[in-house]
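Hi there,

Here is the model I promised to pass on. Please have a look at it first, and my notes follow below.

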Amino acid sequence: MDDHRPGIDPEFTALPLRDLADAALAQAKSLGAQHADFRAERTRSQHIGLSDGNPQTLIDADDSGLAVRVIVDGTWGFASAVDLTTDAAALAAREAIEVAKVAATINTEPIELAPEPAYGDVTWVSAYEIDPFTVSAADKVALLAQWSNTLLAHAAVSHVDASLQQVRECKFYSDGVTTATQQRIRLQPALTAVAVSDDGRFDTMRTLAPPVGRGYEFLTPNPLRGGAGWDFEAELAELPELLAAKLGAPSVEPGRYDLVIDPSNLWLVIHESIGHATELDRALGYEAAYAGTSFATLDKLGSLQYGSGIMHVTGDRTAEHGLATIGYDDEGVAGQSWDLITDGILSGYQLDRRMALLKGFGRSNGCSFSDGPGHMPLQRMANVSLEPAAGGPSTEDLIAGVDNGIYILGDKSWSIDMQRYNFQFTGQRFVKIKNGRLAGQLRDVAYQATTTDFWGSMEAVGGPQTYVLGGAFNCGKGQPGQVAPVSHGCPAALMRGVRILNTAEEGAK
Amino acid sequence: MTTASGYSPQETVARALAAARSDDCVVIAEETSSANLRWAGNTLTTNGVSASRQLTVIAIDRHGHGPGQASAGVVSRAGVRPDQIEDVVRQAERAAAEATPAEDADELAGPEQAGSFGGENRDQAGSFGLKNTDQPGWDSPPARTEIGVLRDFAATLGETLRAAQAAGRKLYGFAEHDLTSTFLGTSTGVRQRHDQPTGRVELNAKSADLERSAWTGAATREFTDVDVAGLAAGLAERLDWAKRAISLPAGQYETLLPPTAVADLLTYLYWSAGAKEAAEGRTVFSKPGGGTRVGERLSAQPVTLSSDPRAPGLASAPFVVAHASGSDSSVFDNGLPLSATSWISEGSLAALISSRHSAEVAGLAVTPAIDNLTFATSAAAPPALADMIATTGRALLLTCLWYIREVDSQTLLLTGLTRDGVYLVEDGEVVGAVNNFRFNESPVGMLGRLLEVGATVPTLPREWGDYFNRAAMPPVRVEGFNMSSVSQAS
């Protein structure tokens, strides 16, 4: 653990974590499990919601429990319990063995795990300054109310929704050779302004502030602390005028346009068309009945032309403030960074220990994650990020290179097919580009493309000065459904000739 | 049943209420158990059993505020031990003391109010809340599921997977059974309890080359009614339909939507039918210039979209359980009885989801959300899907929809994909499988283009089944369903 980082929640470390693990692992081994691992978790979360500056939702949640995963005669078994007692841990181990026996009737592939070094007793804490759970709810509500009222003071704004989600996630993992105690902090602020015109038209605009693996300092940047936060005052100052201009903007003419895409929008395209497509469990079909598969199948590793030659994408669980960043995953694998797409060619996948061994990768790259003690770990997404160009252009430079195009900021609607080919995205703001200059907003814009065509049309990526770490709290996958937080860093980028739809016309067809 | 911690949920509710010092208090104790199996490529992938126990305390502080005003503090914690109950209550009380007055502040329902909204529940109200003949009494132990519920299913599934392997098909899918017992108590004397079983099976069959795919799913309450071999046989027939591949371009097509696809579209419509935001002018159900579209005709067909906590086979909690307030839910409404509600009646918008507060804001009747949805026509002798296929000249027949997301809230335009089988029907017969499409459609606009509405049957929404399991829907024939582009996915 870095010395400057806060410590792990003492209420969590005061739990008899090692006794629980010992009880579960000993019980599992005594009943014949070839492998057993144990997790205990405690997750504090708070959600605050305001409507027009008035508190509407405020809920504090505190979830905890334990989980035991076993392999018995080559079959998985999993069970969890809510009580953090040695009796409950041993009972969960017995239940996991029973589940494995019932499930053996439908298992034909013996489960084996890729080896991972033993790390002993290790601790890891994410990078943050102020634990949001040390700040009173009243102070948070007051801040959100102040921001809401700033927006409501403008004549163009009819309504404001404000929300703040905060999570403190504590995990304890043990498989007998690695025992990891970890804590992550994350928060997601958002304000949405709504404009309603007299003729019944309405539109919205949401802040571009991303969810982050930071603490409360993200909301209250202080130059004395290095200013590690979002400048909400500046963003909120311009939002009403931007919203008014959006509501009064002309509707887009459908067709093909060059797009300059801001990181606040592009992160979501990376998430859907690269992040999920390079999950090996999808490529192998394990998600075929639900989340879907991937066009980027294993036989194309090293040969699939994913995008243009300037495209370099990495997976990592190490980026500071990344939402998927962790010291050790839910199988005891240390966090790593690796290539997924190199010079436009598919060059890697996201793995867990089972798949790493099954498909000859040797070692897992640490993508196993469960969203709580009640769920079995799955291969979940690492931080998947598009690298900027060293010494590359600014966003203004990219815009200057476009004769007839659209500059897109902020994410909104998203959808992609079950093999990650065909996607459609909208955004928060669409600004017309004419002869290299911004020329006012457009309405009713959506862009539609096929993944490899879209990334193949990427002519330029911005420099490091355009790079922003975006992401989501709630990436969904698996059955039973699980959510996972994940970040995606990217620069601004220039795509040529992308299909633009007019959503008003689509709705009228 | 006594929990491992020593207190039953009923005792937990009683202890928390006894410890409360706030003006009013709501306590929700929930016990949930779950068992699941998942398989892919004819073999197991994941499984598990889990149990959780959640205590939610809502403290209501009426001091220091004006007449009729109150603040609320909500704390929810898992795995609470007996010695921690008072701590949770105090946390909630501190949160209430810190909070500003709540917009939705109201008096809590008392036992005597049971049945006061909607009338249908009146004869079932007792001095300690609702009596429901299908439900155990307050004092009965919480219900619980375990892996044994899936034992017979797993054995049959194993045989089905081996048969599929021998026939050159691959089966993928998921089976899950959950049971949640909810105990609600208030300082005003309400004691209500509901046991909710929720189960589902999803089965996806693919040809060996993965080029052809078919899906089916079913909701179930207890797994004794699941015919997995029958489901697999139906999928095998659909894979045979797909042996002839037909390429069609994007465009507007007459389309037959099966019940699961109708469920996904209308569930999203239901979730978008909040009273408060409609009254604020920012949803598809807002009337230009102010007010809502309640009373407006949405479909020429005599169709009704409704929810009923006592709908046979779809039963859900017959009283409000609100862990937090939102646009159209209120912690102050906890315990209010729920009764059958028509959201669309004979083609016209009839009600919007509301709390007491949002109903007042919108000037509408109080109609809180209910956890099931039925869509049906009152036309005589509606046809089954097979009959609708038989009377089709030329149309697309879908299997299900996927990755549905809102594009434009002004019209409730949704986008998404067709999945696991799009078939071309010509002259009353399926003639082959068509490529998948991305659609851009509004369920509200679609109601205005319904050409035919079939017989309503229980169904599982493919997209939203994780969150919304209880639905009964008909197949429908839609004029000009907008397929915006072709998807290469198979």
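Chain A has eleven helices and 22 strands, where helices (H or I, at least four residues) and strands (E, at least two) are DSSP runs numbered from the N terminus. Its radius of gyration is 24 Å, close to the 23 Å from the globule rule for 509 residues, so chain A is as compact as a globular protein of that length. That radius is taken over C-alpha atoms, and the rule is 2.2 Å times the number of residues to the power 0.38.

Before the rest, two notes on conventions. This is a predicted model, in which local features need pLDDT of at least 70 and side-chain atom pairs count only at pLDDT 80 or more, while totals for chains, interfaces and linings use all residues. Residues are numbered from 1 along each chain as its sequence is written, chains are lettered from A and ligands numbered from 1 in the order in which they are written, and side-chain values use heavy atoms, with hydrogens and water left out.

Back to chain A. Along the principal axes, its C-alpha atoms fill a box of roughly 70 × 55 × 45 Å. Of its 509 residues, 65% are buried (buried means under 20% relative accessible area, exposed over 50%, partly exposed in between, with a 1.4 Å probe and protein chains only). Chain A exposes about 16300 Å², with 51% of that supplied by carbon and sulfur atoms; the areas come from the Shrake-Rupley method with a 1.4 Å probe, and for residues only the protein chains shown count as cover. Among contacts in chain A with a separation of 6 or more, 75% are between residues 24 or more positions apart (contact means heavy atoms within 4.5 Å).

One sheet in chain A is worth a look. Four strands make an open, antiparallel sheet in the order 11-10-9-14 (two strands pair if DSSP finds at least two bridges between them). Strand 11 (345-346) and strand 14 (383-386) of chain A are at the edges with a single partner strand each, so one side of each has no neighbour in the sheet. Strand 10 (residues 337-342) of chain A is joined to strand 11 of chain A by two antiparallel bridges, and A:Thr342 has A:Ile345 as its bridge partner. Helix 6 (residues 263-275) of chain A lies across strands 9, 10 and 14 of chain A, at about 115 degrees to strand 14. Axes here are lines fitted to C-alpha atoms, for helices over the stretch in contact, and angles run from 0 to 180 degrees between N-to-C directions.

Now for chain B. Its open sheet of six strands has the order 13-12-11-14-21-20, with mixed pairing. Strand 13 (348-349) and strand 20 (457-459) of chain B are the edge strands, each pairing on one side only. What covers the faces of strand 11 of chain B, or rather, which of its residues are buried? On one side they are B:Val303, B:Leu305 and B:Ser307, and on the other B:Thr304 and B:Ser306. This strand pairs antiparallel with strand 14 (residues 373-377) of chain B over four bridges, with B:Thr304 partnered by B:Ala376. Three bridges join strand 11 of chain B to strand 12 of chain B, also antiparallel, and there B:Ser307 stands opposite B:Thr341.

Finally, helix 5 (residues 259-271) of chain B is mostly covered, with twelve of its 13 residues buried, including B:Leu265, B:Leu266 and B:Tyr268.

Best wishes
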